[in-house]
Each structure stands twice: as structure tokens, then as C-alpha cells.
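Hello,

Here is the structure we talked about. Please have it open while you read; my notes follow below.

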Amino acid sequence: KLNLDHLATLFECLSLDQVLTVFECCLLEQKVLLVCSRYTTLFHVAQSLREMLLPLVWCHIYVPILPRTMLDNLMCPTPFLIGIHSDYAFKHDFPFVVDVTIVNLDEGTVQSPEQSATA
């Protein structure tokens, strides 16, 4: 069931176009990395993205809040929906991640792998 509180948090952080872009990434089973300074927001947004897929089910890796000590899991070759705290979301912490869509919930930005390659 779609939780309206979770959905409200998602739309407080991102515009409609950005939400549709991230939703498309989930539908296409791509890697999505959520970044935020608030753990509650990370959980609500990750959960709302999962709930939006109904009646489909996200059957890949789902970790709404990944601890810093487990950043190596971002090397996973399969699709994932992972949230990390913005305090350790620096590219030098995980330079091995190249094919991921990065969603910064604090800044309200969505950076696709193509944009990362040209930046």
C-alpha cells in the first residue's frame, strides 16, 4: 500500500520531473543511490519509490540506509536502491561506482550516469 506520508516526503525533495526520472530508473532496474543528511527522509523516499512500483515488486538489493562501513556494497553488479548519509557521499569514498543514478535529496538533484561521465 502506498503511504502518503512517504510520498509527501518524496515530493518535498524532488520535482515531478525528477520523481519520474528516478521512477523510470527503478522500472528499468538500474542502480539508484539516494543521498541525504536526514535518515528519516532517506527511509521515506526509498520506501515510497518501492511502493510506487506496485503491483510490481523491487526484487533487487534494497537498503534504505547503508552504514559507512558497508560502502563496498556499492560495487554490486546488480541493480540496487540504496540510501547513504550525505556526510560520506563523496566520490573519493567510492570511485568504483560509475553506473549509478545519484539522487541528492538535500539539494533536489538527480545525476544520471551519463551526466557523471561528462562532469
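**Two salt bridges**

Lys31 and Asp99 join their side chains in a salt bridge, with 3.2 Å from N to O. This pair connects distant parts of the chain. Lys31 belongs to strand S1, while Asp99 sits in the loop between S3 and strand S4 (100-104). The two are 68 residues apart. Please keep in mind that this is a predicted model.

The burial of the two partners is worth a look. Lys31 has a relative accessible area of 9%, so it is buried. Asp99 has a relative accessible area of 41%, so it counts as partly exposed. The cut-offs used here are under 20% for buried and over 50% for exposed.

How many salt bridges does a search of the whole structure find? It finds two. The other one is between the side chains of Arg38 and Asp106, at 3.4 Å from N to O. Arg38 lies in the loop between S1 and helix H3 (39-52), and Asp106 lies in the loop between S4 and strand S5 (109-111), so this pair ties together parts that are 68 residues apart in sequence. Arg38 is partly exposed, at a relative accessible area of 41%. Asp106 is also partly exposed, at 36% relative accessibility.

**The chain as a whole**

Now the wider picture. The protein chain has four helices and five strands. Along the sequence, the pattern reads α-α-β-α-β-β-β-β-α. The chain has 119 residues, and 47% of them are buried.

**Strand S1**

S1 covers residues 31-36. Six of its six residues are buried, so the strand is mostly covered. Which residues point which way from S1? Lys31, Leu33 and Val35 point one way. Val32, Leu34 and Cys36 point the other way. All of these are buried. In general, the side chains of a regular strand alternate between the two faces of the sheet.

- With S3, the pairing runs over five bridges. Val35 stands opposite Ile84 there. Leu33 has Ile82 as its bridge partner in S3.
- With S4, the pairing also runs over five bridges. Leu34 stands opposite Val103 in S4.

**Strand S3**

S3 covers residues 80-85. This strand is mostly covered, with six of its six residues buried. Both of its faces are covered. Phe80, Ile82 and Ile84 are buried on one side. Leu81, Gly83 and His85 are buried on the other.

**Aromatic rings**

Tyr62 has a charge over its ring. The charged end of Arg50 sits there, 4.4 Å from the ring centre. How many aromatic pairs does the structure hold? It holds zero.

**The surface and the start of the chain**

Phe11, Leu16 and Leu20 form a nonpolar patch on the surface. Together they have about 290 Å² of accessible area. Phe11 is in helix H1 (residues 4-13). With a relative accessible area of 39%, Phe11 is partly exposed.

Ser15 is found in the loop between H1 and helix H2 (16-27). Its relative accessible area is 35%, so Ser15 is partly exposed.

**For your own look**

Best regards

Methods: Residues numbered from 1 in each chain as written. Predicted model: local features only at pLDDT ≥ 70, side-chain atom pairs only at ≥ 80, totals over all residues. Heavy atoms only, no water. Buried < 20%, exposed > 50% of the residue type's maximum accessible area, 1.4 Å probe, protein only. Pairing = 2+ DSSP bridges. Phe/Tyr/Trp six-rings, centres within 6.5 Å; stacked < 30°, edge-to-face > 60°. Lys NZ or Arg CZ within 6 Å of the ring centre and 35° of its normal. Salt bridge = Lys/Arg side-chain N within 4 Å of Asp/Glu carboxyl O. Patch = residues over 30% accessible without salt bridge, like charges linked within 9 Å, V, L, I, M, F, W, Y side chains within 5 Å. Areas by Shrake-Rupley, 256 points an atom, 1.4 Å probe, with all protein chains shown as cover.
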